[in-house]
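Open the model in your viewer and get ready to click around. We'll go stop by stop, and at each one you'll hear what to select and what is there.

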Amino acid sequence: MMNLEKILDLNQLYVVGVSGGCDSMALLDIMYNRGFKLVVCHVNYHLRDDSNLDQATVFKYCDKHQIPFYIREISKGEYGKDNFQSQARKLRYEFYYQIACKYGINKVVLAHHLDDVVENIIMQLQRHNTKGYLGIKAVSKVHGLTVLRPFLDVKKQVLRDYCHENNVRYRDDYTNFETEFTRDFVRNVTLKKYTEQQITDILCKAN
């Protein structure tokens, strides 16, 4: 479990995207304690009243452990009328790229996990988008960056348990429990109708 060394190198410096949630805080703590070299990036979208608390959570961890920390604050005026999630993704990766260039590197580590893989496959099947790769790749190229995802075989609950067992502070984004966006609807409504066997079958469809 959590064999980061499969795709990460202890001699390499990485940008790590950290939202403040249990998955990314677990990633941050594990990488730090295993001796990986890292620079942390956090994006504050200012769309929730408590988003500054997420920022403070990540900052306090980095400050305590003397980890370089970079924040990108986005005002509501920067968002257009198009799909918010696609805009947020673009702004996020542009920020990662900017900080990576500052250090002369091009690798970003993110905490996508097994639950994300299942959600992605379900959304792809719903859209009949089955010609390409199903699921999420552990290594991919995005906006000029090499994106590494070492947790794709780890359930979110395992990461939550890790934080509790190791006293790693994190924050839950309450919008993740709503149903406005497609992914949130899949997570909070669609997936609850599936049995464990059906979820296993879905994962078998992954490339």
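Before the first click, one term: a residue is buried if its relative accessible area is under 20%, exposed if over 50%, and partly exposed in between, using a 1.4 Å probe and protein chains only. You're looking at a predicted model, where local features need pLDDT of at least 70 and side-chain atom pairs count only at pLDDT 80 or more, while totals for chains, interfaces and linings use all residues. Residues are numbered from 1 along each chain as its sequence is written, and side-chain values use heavy atoms, leaving out hydrogens and water. Helices (H or I, at least four residues) and strands (E, at least two) are DSSP runs, numbered from the N terminus.

**Stop 1: helix 1**

Select residues 22–33, which make up helix 1. (The expected span is 1.5 Å times one less than the number of residues.) Which residues of helix 1 are buried? Colour these: Cys22, Asp23, Ser24, Met25, Ala26, Leu27, Leu28, Asp29, Ile30 and Met31. That's 10 of the 12, so helix 1 is largely enclosed by the rest of the structure. Show what covers them, including strand 1, strand 2, helix 2, strand 4 and helix 5.

**Stop 2: the cores**

A nonpolar core is a set of buried Ala, Val, Leu, Ile, Met, Phe, Trp, Tyr and Cys residues joined through side-chain atoms within 4.5 Å. The largest one here has 28 residues, and Leu28 and Met31 have the most contacts inside it. Helix 1 gives the most to this core, with 7 residues. Now click Met31: leaving aside residues up to four places away in sequence, Met31 touches Leu4, Leu8, Tyr14, Val16, Phe36, Leu38 and Val109. Touching, or contact, means heavy atoms within 4.5 Å. A second, separate core has 20 residues, among them Val15, Cys41, Tyr93 and Ala100.

**Stop 3**

Switch to a cartoon view. 6 strands form an open sheet with mixed pairing, in the order 3-2-1-4-6-5. (Two strands pair if DSSP finds at least two bridges between them.) Strand 3 (69–73) and strand 5 (139–142) are at the edges with a single partner strand each, so one side of each has no neighbour in the sheet. Next, pick strand 4 (residues 107–109) and strand 6 (residues 145–148): they run parallel, joined by 3 bridges. Val108 sits opposite Val147 in strand 6.

**Stop 4: Asn44**

Asn44 is in strand 2 (residues 37–44). Is Asn44 buried or exposed? Its relative accessible area is 1%, so Asn44 is buried. Show its side chain: polar contacts join it to the side chains of Asn52, at 2.9 Å, and Gln55, at 2.8 Å. A polar contact is a pair of N or O atoms within 3.5 Å; within protein, one must be able to donate a hydrogen and the other to accept it, and residues adjacent in sequence count only if both atoms are side-chain atoms.

**Stop 5: two loop residues**

Most residues other than glycine have a negative phi. Gln66 isn't a glycine, yet its phi is positive, about 55°. Find Gln66 in the loop between helix 2 and strand 3; Gln66 is exposed, at 73% relative accessibility. His143, another non-glycine, has a positive phi of about 50°. Look for His143 in the loop between strand 5 and strand 6, where His143 is partly exposed at 43%.
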